[in-house]
Amino acid sequence: ALASCRALRARHEVVTLVVNLGDVALARGEVEEAWRAYRDGAAEAAALGATPKALDALRGAAEVLLARGAPERAARVLGFVLAHPDRNVEVQAEADRVRRTLEAQVNETALAAALEEGEASAMNDVLAWLEAGASAG
């Protein structure tokens, strides 16, 4: 399906499939594959103006950062997602689930600071964080 959508230049569908592949990879424990899918999906969705899908990909990237042992970086990305007015109900529910996990792993003060930093950021800042963290944990 992904190859067909790419061949048809159906960019919105490609983004959806890429983010879904990130979810599958993460569920299978394939953290690096998930990271690539979420990072690429977020960038492409943002370029298309598909903000809710970009937020979904960023939620996934936050989960990968958490799996990599970088909970404060995850909270920073998640703060952006949770504060964005274009998040949909599904993204909100998934982001809330990730936040509950973060609350169990990060002290309250550090979590609040990281969430606030994300909340105060722009989409381009968050995408730059993902690019900078391509191989970082």
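Helix 5 meets helix 6 through P71, A74, A75, L78, V81 and L82 on one side and V91, Q92, A95, D96, V98, R99, L102 and Q105 on the other, where contact means heavy atoms within 4.5 Å. Helices here are DSSP runs (H or I, at least four residues), numbered from the N terminus. Please keep in mind that this is a predicted model, with local features needing pLDDT of at least 70, side-chain atom pairs counting only at pLDDT 80 or more, and totals for chains, interfaces and linings using all residues. Residues are numbered from 1 along each chain as its sequence is written, and side-chain values use heavy atoms, leaving out hydrogens and water.

**Helices 5 and 6**
- The axes of helix 5 (residues 71–83) and helix 6 (residues 89–105) come within 10 Å and cross at roughly 150 degrees; axes are lines fitted to C-alpha atoms over the stretch in contact, with angles from 0 to 180 degrees between N-to-C directions.
- The two are therefore roughly antiparallel (angles over 145 degrees).

**Helices 2 and 3**
- Helix 2 (residues 11–27) and helix 3 (residues 31–48) have axes that come within 8 Å and cross at roughly 155 degrees.
- That makes helix 2 roughly antiparallel to helix 3.

**Around helix 3**
- Its buried residues are A34, W35, A37, Y38, R39, G41, A42 and A45 (buried means under 20% relative accessible area, with a 1.4 Å probe and protein chains only).
- The cover over the buried residues of helix 3 includes helix 2, helix 4 (51–67) and helix 8 (123–132).
- Just after helix 3, G49 has a positive phi of about 80 degrees.

How values were computed
Angles under 35 degrees count as roughly parallel, over 145 as roughly antiparallel, 65 to 115 as roughly perpendicular and the rest as oblique. Buried means under 20% relative accessible area, exposed over 50%, partly exposed in between (1.4 Å probe, protein chains only).
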